[in-house]
Amino acid sequence: MTTLLIKNGRMVTNRNELISADIFIEEGKIQGIGKFDARTVSADKVIDAANGLITPGMVDVHVHFREPGFEYKETIETGSLSAARGGFTTVCAMPNLNPVPDTVENMELIQSLINKNAHVKILQYASITNNLRSEELVDFKGLKDAGSFAFTNDGVGVQTAGTMYLAMEAAAALNMAIVAHTEDESLLFNGVMHKGKKSEELELPGIMSATESSQIARDILLAKETGVHYHVCHVSTKESVEVIRQAKLNGIHVTCEVCPHHLIMTDADITCDHGYFKMNPPLRDNEDRQALIKGLLDGTIDCIATDHAPHGHEEKNQSMLKAPFGIIGSETVFKLMYTHFVETGIFTLADVVYWMTDAPARIFGLEAGTLDIGTPADIAIFDIDSEVEITKDFTSKADNTPFIGEKVKGDTLFTLVDGKIVWDKGGM
């Protein structure tokens, strides 16, 4: 039997207390948490956590790995290694691929690629409609049986209320979630950034907040009618937060996520017309950012997700008018959240760990996000004491992020999946 011992680590309790802890792993599962030495356990391998923070493996319900179809941006191998470097052990991959996982055959193709190339656990979304853009619904049951995690047209909103209603009915019948990129395209007006003073200053077309929040309002009413689990991707506006808050108070089964870039930056931080600042939804204003922070603290927003969206260097290194939407996030999110919010006292460390582990696992019913005896040894270890600089030295193929150059704490030392080391800062 293969055994492994993690020594000299710290864990954060629900009371936000840091306690010393070792973890004993046997055959890929956690068999003991406490204090161990050579007299109590014998391990084939020992990892020195060096006073690092031990957490459950992080869970990201929103990533784009681009394979098949767009391998020049990212692959399952590079994307999953990027996730591992960020401390993620379970990620949920979006379906804007070529071919789109809109048939059983296409889903089986993508699952075979995942089985062959993934370094972390990848759950694959299926699309809601054929080829994402159509109004024709997919075979929901067939795709569930083929391994679909949930259903989404992420990257584009479902534009027709009738289509969304029928999709919710079909998903609810299978106890599956509808995950929504909310964007009313009739309100886009070719916008490339948030509509406000900064867009006027840069002379760029703006995206109204109502482009997002109006479709959330529509979908919440449909979710009430159908009883489906409705999950909102990358919430970015104060109006969206308020609509979701009221829906929860009314007992509607709605959950949502927020991205670190929307919590940290605003459109006022956009220094020039460059593709690295172009993301969808866009960076909003400070009132929106404060509403997102409050929404996390009061439970309106359920979890943090990255929306890791890699693109090629040339296509992002140009004006927002021409660049694609998207920002990478797998390798930076914990560092950014720890530095901007835990060190400043806005969030507790326990809260940030919860929002990135147990919370996303709970809302989707995943066997992930906890450190319990007998569970898979999906574990991350972070250095929360030493400062590092975010550079372009990413494991991802892409470097499209405006956070390059920031000094942060919380670098990943080790990531383990089923007790196997998939990231080792000192040895990889």
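1. Let's start with D385, which forms a salt bridge with R10, their closest N and O atoms being 3.0 Å apart. (A salt bridge here is a side-chain nitrogen of Lys or Arg within 4 Å of a carboxyl oxygen of Asp or Glu.) D385 sits in strand β16 (residues 379-389) and R10 in strand β1 (residues 3-12), so the pair ties together parts 375 residues apart in sequence. (Helices, H or I of at least four residues, and strands, E of at least two, are DSSP runs numbered from the N terminus.)

2. Before going on: this is a predicted model, where local features need pLDDT of at least 70 and side-chain atom pairs count only at pLDDT 80 or more, while totals for chains, interfaces and linings use all residues. Residues are numbered from 1 along each chain as its sequence is written, and side-chain values use heavy atoms, leaving out hydrogens and water.

3. Is R10 buried or exposed? R10 is buried, at 13% relative accessible area, whereas D385 is partly exposed, at 45%. (Buried means under 20%, exposed over 50%, partly exposed in between, with a 1.4 Å probe and protein chains only.)

4. The structure holds 21 salt bridges. Another one joins E287 and K238 (3.6 Å, N to O). E287 belongs to helix α9 and K238 to helix α7, so this pair links parts 49 residues apart in sequence. Shared partners join K238, E239, E287 and D288 into one network.

5. Now the sheet: five strands make an open sheet in the order β9-β10-β13-β14-β15, with parallel pairing. (Two strands pair if DSSP finds at least two bridges between them.) At the edges are β9 and β15, each pairing on one side only.
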